[in-house]
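Subject: Structure for your files

Hello,

Here is the structure I said I would pass on. My notes on what was found follow below it.

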Amino acid sequence: MNRPFAARGAVLAAAFALASLPSFASAQEVNLYTTREPGLIQPLLDAFTKDTKIKVNAIFIKDGLAERVKTEGANSPADVLMTVDIGNLLDTVDQGVTQAVQSEALSSAIPAHLRDKDGHWYALSLRARLIYASKERVKDAKLTYESLADPKWKGKICIRSGQHSYNIGLIAAHIVHHGEAKTEAWLKGIKENLARKAGGNDRQVARDILGGICDVGVANSYYVGLMRSGKGGPEQEKWGAAINPLLATFEKGGTHVNISGASIAKNAPNKASAVKLLEYLVSNDAQALYAKANFEYPVRPSAAIDPIIAAFGKLNPDQVDLRAVAKSRKQASTLVDKVGFNN
Amino acid sequence: MLAKIAARIAPVHDGRLWTFAALVIAAIVLAPVVALIFIAAQGSGDLWPHLARYVLPQAIQDTALLLAGVGAIAVIVGVGTAWLVATCQFPGRALFDWALLLPLAVPTYIVAFAYLDILHPLGPIQSAVRAVFDIDDPRGFSLPDVRSLWGAIVLLGFVLYPYVYLASRALFLMQSAPVLEVSRTLGASPVQAFFRVALPLARPAIVVGTTLALLEALNDIGASEFLGIRTLTVSIYSTWLNRSSLPGAAQIALVMLAAVIALVLLERWGRRRQRFVGAGRRTHPPSPAMLGGLAAFGASLACLLPVLFGFLVPATHLAYESWDRVANFGLSPQLVNEARNSVGFAAIATSVTLALGIIVAYSVRLDRRGLAASASRVASLGYAIPGTVLAVGLLTPLAAFDNALDGAFRQIFGFGVGLLISGSGAALVLAYVIRFLAISAGGVEAGFSKIPLSFDGAARSLGETKAGTVRRIHLPLLSPALGAAAILVFVDCMKELPATLLLRPIGFETLATHIYAEASRGTYEDGAVAALLIVLVGLGPVLLLARMSRPLLVLSGRSDGAIQDLSADKSL
């Protein structure tokens with residue numbers, strides 16, 4: 001029984017392998033590798049397919065996207081690499097798995113500081129890092145990121161892991177504004193103020209505020225839209241209602257934004273379709289859909305913002321250089337360990 | 001299959017070829033480890049001073065506390081309940097006998113999600129307490145936060161104890177019965193008999209079960225990250241992702257692997273003078289001690305609590321959340337397909353893992369020079385590496401093989417085959433096999449140790465070949481052990497997340513990746529239906545395992561087979 005057993009397993013595996021062989025590149029397909037959960041952008045992809053008859057095959061890879069594309073090498077089926085956070089975007093570029101593309105449609109739609117000058121990456125949407133404040137217990141209408149270290153918040157702040165890329169981005173931006181020493185002191189101050197261990201996710205900040213665990217927290221803008229619109233269920237509407245989303249700023253700057261963006265893979269088998277997909281994603285229609293479906297800020301200045309998000313006030317994005325922020329990430333991650341932020 | 005090919009080429013030397021096959025399997029398992037060594041050798045710059053100063057002290061402390069805590073819970077709960085079920089009679093015993101295995105079906109990350117919901121100030125428990133005491137402000141009453149080391153210890157302990165339960169129950173039911181009766185007639189109290197006879201005798205089995213549970217805890221990333229604790233595995237991730245240092249991450253992973261190996265060896269060394277000679281044959285079933293009154297109540301309660309915490313509470317919560325989701329938003333159409341992928345791939349991987357496990361275990365039985373034994377130890381390494389790290393290690397050799405094959409096809413036939421293995425599900429099957437071979441090889445080895453070598457001799461002297469002996473003598477006798485190993489591997493494949501996420505082909509989703517996708521957009525509540533499906537699909541095999549393991553314990557005991565085998569059989 002041993003041999004047939006093994007043989008049967010091998011035959012089955014081989015059959016599966018053949019059945020799921022990547023189909024040979026056809027002009028009517030584009031393969032999307034994404035670190036963003038594709039469900040978020042599915043309406044956009046569906047609309048694209050409807051418009052162009054190009055099918056989008058998406059695969060969600062959380063960690064190791066660049067590594068996978070790199071090892072797949074010349075045979076990689078990847079056409080478009082979509083990531084969140086400038087650091088991850090630049091990582092794919094640094095690993096050498098992207099190619100430069102020039103497109104009038106892309107460069108006219110996206111402001112210059114939100115795309116690579118050589119065309120290796122393009123931002124597609126913006127997400128602001130907000131301070132959620134308890135409606136009931138916090139009266140401030142405006143807060144700065146710096147003020148989170150104020151001892152008056154002792155035992156009142158909720159935040160996710162300091163090592164999460166959203167927080168690493170914010171801390172890196174703080175380093176660009178104030179330098180490493182001041183950032184370390186600032187992080188220590190926030191750590192002292194934490195109401196609970198840093199952890200969980202952004203929406204739990206709102207939930208914990210409603211639950212009375214904390215008064216203020218740091219979380220992304222679109223979650224407010226997801227909670228308040230009822231897309232997360234009736235329970236989450238209550239979480240969304242308990243908070244006052246503040247467009248926090250740096251003292252001498254604007255609101256920290258992280259970007260979602262995309263690159264064309266170096267060995268893209270369907271390059272033309274891939275470029276078409278990017279161009280579609282920055283079109284007026286798609287940008288409006290981005291805003292509506294995901295409550296993100298469109299990267300195209302003329303596109304409309306969702307009313308729930310627009311109600312926070314006018315977004316004034318921080319003007320620091322995104323590349324400088326990305327470069328400070330390692331330092332930021334080191335500081336998080338150094339002050340024992342997650343302990 | 002390798003053995004098959006090998007046997008065909010040179011049937012005369014099939015003994016050596018079994019060893020050769022085992023070595024090939026060990027080489028496959030070793031491939032990602034070697035790739036990791038190469039990655040680590042690229043150097044990580046000034047990483048280690050930073051790690052040594054700020055990261056490792058905390059990470060090692062958290063990891064050690066986590067493992068000590070989870071180990072303590074798993075051993076106390078696992079061994080304690082196994083003892084009760086195996087040797088005592090009390091209300092509900094027949095039920096608990098299998099129900100105690102149920103937490104095996106619940107992945108750790110799901111338990112973490114579920115308990116955070118349940119114990120949150122807005123969750124059912126604290127809300128109920130507030131309602132009862134008429135407290136309006138959520139701050140008026142609060143429980144300790146589960147997002148802590150203690151929370152992680154308790155949650156992981158209560159889902160991982162079944163590994164210990166399964167191993168020690170088999171042993172208690174089987175081996176200690178006659179010895180225990182002797183100890184009792186010599187005047188030992190039941191408590192003395194447990195601590196001085198049964199427990200030391202069960203040590204190898206307890207060690208094997210505990211090792212599996214602890215490696216699960218050590219490699220866990222979902223629950224640890226979610227509960228905000230900083231284990232070594234979490235620091236491997238943040239080194240890789242935030243400091244963009246894959247070499248650094250590989251270095252930490254390898255150091256961790258070395259530490260695991262050292263601990264396992266240390267434990268073996270610690271009982272080097274002990275010999276565990278299996279009874280080999282079943283003498284008579286142990287007669288259970290009748291418990292009455294308070295003792296019976298206590299025993300029932302002790303068995304109920306682990307099932308309650310490890311299974312009933314999270315499963316009920318998932319069922320409730322699922323019902324809520326389905327009522328509000330309907331059923332996701334992809335779920336059927338995802339469930340089919342999960343089950344299909346888990347089934348394929350299980351058959352391959354089992355087949356390779358048999359080859360490895362049988363080669364150990366044949367080869368007394370120890371080469372096959374070393375191969376079998378190496379083949380079990382995969383279980384000691386965190387899933388994603390293993391997957392990253394696999395990427396390089398897989399893609400190198402694929403690209404070379406594609407190049408060869410282009411050269412010879414003028415067309416390419418693309419990424420044959422990594423572009424298809426085969427990569428996933430390979431990852432599962434490497435990761436879970438330890439379970440199947442260990443289980444089969446334990447099964448083999450209960451079959452006297454004289455059977456082999458008899459079969460061979462009657463003219464049967466070695467492969468024929470396996471097919472006609474061993475496999476029928478091994479089937480319960482195989483079944484138990486198969487079910488454990490199957491359930492583990494169903495639950496596996498990190499390697500699945502990185503290695504699956506484009507357009508391929510499983511229940512586990514579905515939950516992760518929902519969780520990563522912060523809507524893990526939407527994953528409740530998929531989570532419930534994983535638990536339900538895992539439930540069937542677990543029940544089957546419970547059913548089949550009782551009458552057939554003689555062979556299914558997942559005790560420390562190698563040790564028993566060596567010590568018992570060398571005398572033959």
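Please keep in mind that this is a predicted model.

I began with the domains of chain A. Chain A splits into domain 1, covering 24-125 + 258-304, and domain 2, covering 127-256 + 315-338. Taken over C-alpha atoms, the centres of domain 1 of chain A and domain 2 of chain A are 27 Å apart. Domain 1 of chain A puts 12 residues into the contact, and domain 2 of chain A puts in 14 residues. On the domain 1 side, helix H4 (residues 86-94) of chain A supplies the largest share, four residues. By class, that side of domain 1 of chain A has six polar, four nonpolar and two charged residues.

Next, chain B. Chain B has 24 helices and two strands. Of its 572 residues, 58% are buried. Among contacts in chain B with a separation of 6 or more, 82% are between residues 24 or more positions apart.

One helix pair in chain B was examined in detail. The axes of helix H11 (residues 232-241) of chain B and helix H12 (residues 246-270) of chain B cross at roughly 165° and come within 7 Å. Because the angle is over 145 degrees, H11(B) is roughly antiparallel to H12(B). The crossing of H11(B) and H12(B) is left-handed. Residues that H11(B) brings to this contact include Leu232(B), Ile236(B) and Trp240(B), while those from H12(B) include Leu246(B), Ile252(B) and Met256(B). Eight nonpolar and three polar residues make up the contact of H11(B) with H12(B), with no charged residues.

Regards

How values were computed: Residues numbered from 1 in each chain as written. Chains lettered and ligands numbered in written order. Predicted model: local features only at pLDDT ≥ 70, side-chain atom pairs only at ≥ 80, totals over all residues. Domains from an automatic or database assignment. Contact = placed C-beta atoms within 7 Å. Nonpolar A, V, L, I, M, F, W, Y, C, P; charged D, E, K, R; others polar. Buried ≥ 20, exposed ≤ 12 C-beta atoms within 10 Å, placed from the backbone. Axes fitted to C-alpha atoms, helices over the stretch in contact; angles between N-to-C directions. Parallel < 35°, antiparallel > 145°, perpendicular 65-115°, else oblique. Left-handed = near helix turned anticlockwise from the far one by under 90°.
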